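Please look over the sequence and the structure before reading on.

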Amino acid sequence: MPYRTLTFFRFLIHIDEALAAEAQAAGCPCGGVLHRANYPRKPRGCPPAFRAEYATRLSFCCSQCRRRTTSQSVRFLGRRVWLSWVVVLGSTRPAGHGTAAAALCEALSIPWRTLARWRRWWREDFVRTSLWRVLGARFLLPVAAARLPNGLLEQLPGQEHEPLRCLLALLTPLTITAPEGR
Ligand SMILES: [Zn+2]
């Protein structure tokens, strides 16, 4: 795996740890203290080198009301079994995005039904989120629903994996509310 791709996957772990620390510092709405209560995930689309670290979803349990708080994530998009980066890059096919990660995604042989469902999610569900309304106003050029997520990736700054990383960071508010399914 290219060095930059390794760095990309490692960096996503650091972002998730930072998001988890933020959630823990905020505490439970009841005023209780949050204790680590991570749970196992099957990270589909994970490079073997990272499988152990990506097999855990960072989460907390309240010391008082026992309610679970799961922090936002750049790795897991809701309950989907495929990792977020695969959901984003897989949705750009067949156009791809020209990075090593895009090539990696091509190699995963994601079922076409899954790809069709993701593309529909961008066009029909994503555009109904309040996040999309906020993002839509922030982008220089309007992005057509039919061109999601390519239209967003193309306008995000940086080289190689940077636009993808930016988009994963922008999507984090959806990662704890995204619908179930693969
Ligand atoms: Zn609580």
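Is S71 buried or exposed? With a relative accessibility of 3%, S71 counts as buried (buried means under 20% relative accessible area, exposed over 50% and partly exposed in between, with a 1.4 Å probe and protein chains only).

## Basis of the model

The model is predicted: local features need pLDDT of at least 70, side-chain atom pairs count only at pLDDT 80 or more, and totals for chains, interfaces and linings use all residues. Residues are numbered from 1 along each chain as its sequence is written, and side-chain values use heavy atoms, with hydrogens and water left out.

## Surroundings of S71

S71 belongs to the loop between β5 (68-70) and α2 (84-92); helices (H or I, at least four residues) and strands (E, at least two) are DSSP runs, numbered from the N terminus. Leaving aside residues up to four places away in sequence, S71 touches L19, A20, A23, R57, L58, F60 and I176, where contact means heavy atoms within 4.5 Å.

## Packing of α1 and α7

Helix α1 (residues 3-26) packs with helix α7 (residues 162-170) at an angle of about 25°, and their axes are 12 Å apart. The angle therefore makes α1 roughly parallel to α7, a term for angles under 35 degrees. Axes here are lines fitted to C-alpha atoms, for helices over the stretch in contact, and angles run from 0 to 180 degrees between N-to-C directions.

On the α1 side the contact is made by F8, F11, L12 and I15, and on the α7 side by L164, R165 and L168. Of these contact residues, six are nonpolar, none is polar and one is charged (Ala, Val, Leu, Ile, Met, Phe, Trp, Tyr, Cys and Pro count as nonpolar, Asp, Glu, Lys and Arg as charged, and the others, Gly among them, as polar).

## The two sides of α5

In helix α5 (residues 130-138), the buried residues are L131, W132 and L135. They cover an arc of only 90° around the axis, so they lie on the same side of α5; the arc is that of the directions from the helix axis to the C-beta atoms. These buried residues pack against α6 (150-155) and α7, whereas R133 and A137 are exposed on the other side of α5.

## Backbone features in loops

Most residues other than glycine have a negative phi, and most peptide bonds are trans. The peptide bond from L148 to P149 is cis, with omega near 0°, and P149 is in the loop between α5 and α6.

R66, in the loop between β4 (59-62) and β5, has a positive phi near 70° and is exposed at 56% relative accessible area. S109, between α3 (100-106) and α4 (112-125), has a positive phi of about 40° and is exposed at 61%.

Key
Angles under 35 degrees count as roughly parallel, over 145 as roughly antiparallel, 65 to 115 as roughly perpendicular and the rest as oblique.
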